[in-house]
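Welcome! Let's walk through this structure together, one question at a time.

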Amino acid sequence: SVKSQMADCCALWVHAVSVGEVMVAMSLIDKIKQQWPNQNIVLTVTTKTGYQLATEKLKGKVLVLPSPLDFRSTVQEFIRTIKPKVYISIETEIWPNLFTHLKKNSIPILIVNGRISDVSLGRYQLVKGLLKPALGAVWCFCMQSKLDQERIIELGAEASKVEVCGNVKFDDM
């Protein structure tokens, strides 16, 4: 079971949606494991292909799990089970219930390799009022470009929490 695999230890929780984000997560996880070889890491993945890649490439290094659905009871149980120290989302995945409960539990949220496409910006603008509390829960936004930085601030992120850090997918190669 997940509980027995975690052995009641706190974990670093990394979230990736699909294959591209899993590739970034693998690079990040390698760097973390170099610095802290005994750090427990949980990687959650949304898509089937991303999950397959992660389980194949990271077997024995981290615990790979399907992403929890963004329902209050689901995220509360997930947080209780894995006891994350930090939550790191690859690119820009905004989950209002999850972010609310991470913040309530004083768990820092980091967005790494953040970006907001034209399509995503339009969709996010439709629910901007609902996003503001979730964005307020984020400790740090590491965005890919100045445009992404401007867009996340426009959606309600605090400017002091947003940095341009480049694209990890390209900068790490």
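Q: Which residues touch the most other members of the largest nonpolar core?
A: This is a predicted model, where local features need pLDDT of at least 70 and side-chain atom pairs count only at pLDDT 80 or more, while totals for chains, interfaces and linings use all residues. Residues are numbered from 1 along each chain as its sequence is written, and side-chain values use heavy atoms, leaving out hydrogens and water. A nonpolar core is a set of buried Ala, Val, Leu, Ile, Met, Phe, Trp, Tyr and Cys residues joined through side-chain atoms within 4.5 Å, where buried means under 20% relative accessible area, exposed over 50% and partly exposed in between (1.4 Å probe, protein chains only). In the largest core, with its 31 residues, the members touching the most others are Trp13, Leu98, Phe99, Leu102, Phe141 and Ile152.

Q: Which element gives the largest share of this core?
A: Helices (H or I, at least four residues) and strands (E, at least two) are DSSP runs, numbered from the N terminus. Among the elements giving two or more residues to this core are strand E1 (11-16), helix H4 (72-82) and helix H5 (96-104). The largest share is 4 residues, and it comes from H4.

Q: Which residues does Leu98 touch, not counting residues up to four places away in sequence?
A: Contact means heavy atoms within 4.5 Å. With residues up to four places away in sequence not counted, Leu98 touches Trp13, Asp70, Val75, Ile79 and Tyr87.

Q: How many residues are in the second, separate core?
A: Its members include Met26, Val45, Ile88 and Cys142. This separate core has 23 residues.

Q: Is Ile88 buried or exposed?
A: Ile88 sits in strand E4, which covers residues 84-90. Leaving aside neighbours within four places in sequence, its contacts include Leu12, Trp13 and Leu110. Because its relative accessibility is 8%, Ile88 counts as buried.

Q: How many bridges join E4 to E5?
A: Two strands pair if DSSP finds at least two bridges between them. E4 and E5 run parallel, and the number of bridges joining them is 4.

Q: Which residue in E6 is the bridge partner of Ile111?
A: E5 and E6 run parallel and are joined by 4 bridges. The E6 partner of Ile111 is Phe141.

Q: Which elements make a right-handed β-α-β unit?
A: A crossover is right-handed if, with the strands pointing away from the viewer, the path from the first strand over the helix to the second runs clockwise. The right-handed unit here is made by E4, H5 and E5.

Q: Why does the pair of Glu91 and Arg115 tie together parts that are apart in sequence?
A: A salt bridge is a side-chain nitrogen of Lys or Arg within 4 Å of a carboxyl oxygen of Asp or Glu. Glu91 and Arg115 form one, with the closest N and O atoms 2.9 Å apart. Glu91 lies in the loop between E4 and H5 and Arg115 in the loop between E5 and H6, so the parts tied together are 24 residues apart in sequence.

Q: Which residue meets Asp118 in a salt bridge?
A: Asp118 is in helix H6, and its partner, 33 residues apart, is in helix H8 (residues 146-154). The side chains meet at 2.4 Å, N to O, and the partner is Arg151.
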